[in-house]
Every structure is written in structure tokens, then in C-alpha cells.
Amino acid sequence: MTTFSFEFFPPKSDKMADQLWSALPTLAKCNPAFMTVTYGAGGSTREATLETVMRMQKETKIPIAMHLTYLSTPIHTLNQLADDLWEKEITHIVALRGDMPDTLSWPLDTDQNYFQYTSDFVEGLLSRHPFEISVGAYPEKHPDSPSLQADLIALKKKCDAGATRAITQFFFDNSIYYKFLEEAQKIGLSTPIVPGLLPIHDFTAMKKFAARCHTTIPNWLEDKFSGLEDKPEDAQKVAQEILNTQVECLSKNDVPHIHFYTLNKSQITVESCQKLIKHP
Ligand code: FAD
């Protein structure tokens with residue numbers, strides 16, 4: 001049976017908070033294996049992320065993971081944070097580099113006060129406490145990486161450092177994900193690589209985000225949304241059909257777990273999960 005998990009972000013306004021806390025019970029009822037809350041680059045949402053995680057822990061019985069990024073944060077601060085999270089019984093961390101601020105360039109110079117790579121961060125977290133650690137993976141290669149092969153080697157280092165699973169950047173063509181699994185297998189990477197799927201709530205906004213992440217928008221996807229700019233109900237139907245098809249195909253191919261980037265909305269994600277529950 002295919003299990004699933006949900007990602008949320010900490011709300012930035014009262015309106016966004018209402019959206020999150022009203023979507024949560026509906027999503028929680030689907031009984032995900034775990035839920036995660038994102039973290040602003042450089043720690044910009046540290047308090048808001050922690051508050052969101054704590055409230056979710058209180059309001060649902062579902063395990064919650066907190067995302068953490070290491071760029072621009074000294075090791076001693078990350079260590080204190082790791083201890084604090086462990087004490088608060090937040091034992092699953094999605095460990096990430098974070099996006100590069102304008103003040104830094106990649107690769108980082110070595111500095112004993114800062115982690116250089118995510119694999120070092122994973123090691124650092126595990127040296128404090130036996131956390132469950134998830135990391136990011138990029139089936140279309142991370143934009144900063146010179147090649148898919150180099151990026152796969154970086155992923156293997158994160159897994160060898162102790163990550164329990166990798167969660168992918170979103171993609172719309174499942175064959176890209178299957179090919180990535182094959183390439184990972186070729187270099188001896190056996191850690192589970194969970195597909196991350198993005199329900200399309202706003203096609204234009206999604207395209208901007210996809211351009212930043214270097215996620216391919218297939219022509220067929222453009223065609224499906226063409227002419228639906230002012231027809232939100234029709235666009236939602238199309239988005240539903242696309243997510244359902246992706247999920248069904250992954251499930252038929254025995255993919256054991258799917259991660260959904262919910263964008264704090266229950267629409268679209270819930271229907272795809274219900275289909276998974278009914279036809280595992
Ligand atoms: P890394 O694995 O650190 O890779 C970044 C680059 O470094 C790649 O080019 C890689 O090939 C290279 N590299 C890594 N290790 C080595 C090494 N040992 N030697 C040489 N090169 C190496 N961002 C946020 O700010 N907050 C979030 O909450 C957040 N959540 C995310 C959740 C998921 C599931 C994903 C996939 C991404 C998320 N991001 C988040 C975005 C992420 O922070 C950015 O994509 C970031 O640029 C890369 O972080 P990473 O740890 O995944 O990549």
C-alpha cells in the first residue's frame with residue numbers, strides 16, 4: 001500500500017493562518033504517515049515554523065517533522081536548536097542547505113563555524129541526537145549542480161551521512177522520477193527516494209516557481225491549462241486530473257510513499273489521497 005505525507009508552510013498573515021488551520025483537520029483525516037513544516041532560508045521563520053509544528057503536534061496525532069536549513073547559521077546555534085527540538089519531542093528533521101542569499105556564493109569557502117555541505121549538517125544533527133532525517137533530492141538536478149551525476153553523488157553523501165529518506169523536488173513527468181531512481185540505483189544508493197508532488201492551485205504562480213527550481217513544464221501541461229486563466233473551477237478540475245494521474249501511475253509502479261506539497265490547502269491533495277486509500 002502506498003503511504004503519503006504532507007508539507008505545510010508557516011502562515012505569514014491571519015488570512016493565511018485561517019487557511020492552514022481550516023485545511024489541517026481535513027488533511028489529517030487522510031491519516032498521513034507524517035507531516036512537515038518548512039523553514040525560511042537563514043532561519044527567517046524559525047519562531048513561526050516552531051509554533052506551527054508545536055500546534056500541529058497538539059492538534060493531530062500525526063508525527064510532525066520540522067525543516068531546518070544550515071546556510072548563514074553558525075554550527076553552535078544549530079546545535080542549540082537541535083537540542084531544543086529534541087527536548088520538545090520534534091525528532092524528525094528535514095535537513096536542507098537553503099537557497100543561497102546574495103551575500104554568499106556556492107560552493108562555500110570552508111569555515112569551521114559553519115557547515116559546508118548538507119551531508120555535514122546531517123552528520124552534525126545525528127551527533128547531537130538520533131533524529132530521523134529526511135533530505136532533498138532533485139530528479140532534474142539541483143540548479144547549482146554541474147551535472148545530474150555530481151548531484152547524485154551529493155545525494156549519496158547525504159544518505160551515507162545517515163538520512164532515512166530523500167524527498168524530491170516536484171516534477172510533472174513521472175518518467176523523470178523513474179529515470180532518477182535508476183541512476184540512483186546505479187551508484188549504489190539504496191535509501192528511499194520519495195516523490196514530491198505539487199498540486200497546481202495557480203498555474204501562473206507554479207510556472208514562476210518551476211523556473212526557479214528548473215522543473216520542466218511539459219508542453220502537454222501548458223496545453224491543458226491554456227485558456228483557463230479566468231476559469232478557476234475548470235483549472236482546478238484539470239489540476240485534479242493531473243495529480244490523480246501522477247499518483248495512480250506511481251502507485252501502480254509500487255512506489256511505497258508519496259509526499260504532497262499541499263501549499264496549506266486541502267483541495268486537490270485530499271481527493272488524490274482518498275483515491276490512494278480506496279485503491280491502494
Ligand atoms: P544540497 O544537497 O545541499 O545541494 C545543493 C548543491 O550542493 C547541489 O548543487 C549539490 O550537488 C551540491 N552539493 C551538496 N553536497 C555536496 C558535496 N558534498 N560536494 C559537492 N557538492 C555538493 N528551502 C528552504 O529554505 N526551506 C525549506 O523548508 C525547504 N524545504 C525543502 C523541502 C524539499 C523536499 C526540497 C526538495 C527542497 C526544500 N527547500 C527548502 C529548498 C532547498 O533548501 C534548496 O533547493 C537548496 O538550494 C538546496 O538544499 P539541499 O539541502 O536540498 O541541497
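View 1. The model shown is a predicted one, in which local features need pLDDT of at least 70 and side-chain atom pairs pLDDT 80 or more, while totals for chains, interfaces and linings use all residues. Residues are numbered from 1 along each chain as its sequence is written, and side-chain values use heavy atoms, with hydrogens and water left out.

**View 2. Here is where the shell comes from.** There are 25 residues around the ligand, and Tyr39, Thr118, Tyr138, Asp151 and Lys158 come nearest (a residue is near if one of its heavy atoms lies within 4 Å). Strand 3, helix 5 (148-160) and strand 6 (165-170) each supply at least two shell residues, and helix 5 gives the most, with four. Helices (H or I, at least four residues) and strands (E, at least two) are DSSP runs, numbered from the N terminus.

View 3. Look for the side chain of Tyr138, where an N or O atom is 2.6 Å from a ligand oxygen atom. Backbone N or O atoms also take part: one of Gly98 lies 3.0 Å from an oxygen atom of the ligand, and one of Ser145 lies 3.2 Å from a ligand oxygen atom. A polar contact is a pair of N or O atoms within 3.5 Å. The protein covers 88% of the 960 Å² of accessible area that the ligand has on its own (Shrake-Rupley method, 1.4 Å probe).

View 4. Strand 1 (residues 3-8) and strand 2 pair in the parallel sense over four bridges, with Glu7 opposite Thr36; pairing requires at least two DSSP bridges. Strand 2 and strand 3 (residues 64-69) are also parallel, over three bridges, and Met35 stands opposite Ile64. From strand 2 the chain crosses through helix 2 (residues 46-59) to strand 3 in a right-handed β-α-β crossover, meaning a clockwise path from the first strand over the helix to the second, with the strands pointing away from the viewer.

**View 5. Ile242 sits in helix 9 (residues 232-252).** Ile242 counts as buried because its relative accessibility is 7% (buried means under 20%, with a 1.4 Å probe and protein chains only). The C-alpha atoms of Ile242 and Phe172 are separated by 8.4 Å, although the two are 70 residues apart along the chain.

Note on methods:
Polar contact = N/O pair within 3.5 Å; in protein donor to acceptor, adjacent residues only side chain to side chain. Buried < 20%, exposed > 50% of the residue type's maximum accessible area, 1.4 Å probe, protein only.
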